[in-house]
Amino acid sequence: MAGGPTLTDRLFRVAVWLKGLDAVTQLLGGVLLIFFSPRELTRIAHGVVTRDLLGPPTGALAGHFEEAVQHFAGGTRAFVIGYLLVHGLIKLVLVIALLRKAVRWYPVAITALGLFVLFELARGVQTHSLVLPALTALDIAIIVLVIKEYREIRRDSA
């Protein structure tokens, strides 16, 4: 493209970088859970979030956070650690491939993100989470951007 990056190109890069940040956060969370108990992490996270981000511990946002943490801590430790590590690693590999414009990885990314969307929808219905629908919407937007970028790359290389 001679005219420079389009709005779609910029949105694509921002979305992929957000996914990369999400992947690193999940990997760090999985590693932290290996070394700290869920109760310790919940106490630390609750203190930081309610003090710095959500206001008083009795506030509505803090209540939603507490509910989300209880859903998270309610799973088995091994499953949660495994899920965070595997999910984070898959996303990180896909993010690196997309940022490098590795064309053969685009269909893999679209498929993987689609599977993540299905899982997030099922889990959101099961837990009545307020966060999962937002993550699902972000994943759907990223899928659309990946498809558009993939078509553009293929068109430009033809």
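Trainee: At what angle do α1 and α6 pack, and how far apart are their axes?

Mentor: Keep in mind that this is a predicted model. Two packed helices are described by the angle between their axes and the distance between the axes. Here α1 and α6 pack at an angle of about 130°, and their axes are 9 Å apart. Angles over 145 degrees count as roughly antiparallel and 65 to 115 as roughly perpendicular; α1 and α6 are therefore oblique to each other. Their crossing is left-handed.

Trainee: Which residues of α1 and α6 meet?

Mentor: From α1 come T8, D9, L11, F12, A15 and K19, and they meet D139, I142, L145, V146, K148, E149 and E152 of α6. By class, this contact of α1 with α6 divides into six nonpolar, one polar and six charged residues.

Trainee: How many residues does α6 have, and what length does it reach?

Mentor: Compare the end-to-end distance with the expected one. Helix α6, residues 131–157, has 27 residues and reaches 39 Å from its first C-alpha to its last, close to the 39 Å expected at 1.5 Å a residue. For α1, with 29 residues, the reach is 42 Å, close to the expected 42 Å.

Trainee: Which residues of α6 are buried, and what do they pack against?

Mentor: The buried residues of α6 are L132, T136, D139, I142, I143, L145, V146, E149, Y150, E152 and I153. They pack against α1 (7–35), α4 (77–99) and α5 (106–127).

Trainee: Which residues are buried in α1?

Mentor: In α1 the buried residues are D9, F12, A15, V16, K19, G20, A23, Q26, L27, G30 and L33. Take L33 as a worked example: its relative accessibility is 3%, so L33 counts as buried. The C-alpha atoms of L33 and A78 are 45 residues apart along the chain and separated by 9.3 Å.

Trainee: How are α5 and α6 oriented to each other, and at what angle do they pack?

Mentor: The angle between α5 and α6 is about 165°, and the axes are 9 Å apart. The two helices are therefore roughly antiparallel to each other. α5 passes α6 in a left-handed crossing.

Trainee: Which residues make that contact between α5 and α6?

Mentor: On the α5 side they are Y106, P107, I110, L113, G114, F116, V117, E120, L121, R123, G124 and T127. These meet L132, L135, T136, D139, I140, I142, I143, V146, I147, E149, Y150 and I153 of α6. The residues of this contact divide into 16 nonpolar, four polar and four charged.

Trainee: What are the angle and axis distance for α4 and α5?

Mentor: α4 and α5 pack at about 145°, with axes 10 Å apart. Here too the crossing, α4 passing α5, is left-handed. The contact is made by Y83, H87, I90, K91, L94 and L98 of α4 and by Y106, V108, A109, A112, F116 and F119 of α5. Its residues divide into 10 nonpolar, one polar and one charged.

Trainee: Where does K101 lie, and what is its phi?

Mentor: Look at the backbone angle and then at the location. Phi of K101 is near 55°, a positive value in a residue other than glycine. K101 lies in the loop between α4 and α5. Its relative accessibility is 38%, so K101 counts as partly exposed.

Methods
Residues numbered from 1 in each chain as written. Predicted model: local features only at pLDDT ≥ 70, side-chain atom pairs only at ≥ 80, totals over all residues. Heavy atoms only, no water. Helix = DSSP H or I, 4+ residues; strand = E, 2+ residues; numbered from the N terminus. Expected span 1.5 Å × (residues − 1). Buried < 20%, exposed > 50% of the residue type's maximum accessible area, 1.4 Å probe, protein only. Contact = heavy atoms within 4.5 Å. Axes fitted to C-alpha atoms, helices over the stretch in contact; angles between N-to-C directions. Parallel < 35°, antiparallel > 145°, perpendicular 65-115°, else oblique. Left-handed = near helix turned anticlockwise from the far one by under 90°. Nonpolar A, V, L, I, M, F, W, Y, C, P; charged D, E, K, R; others polar.
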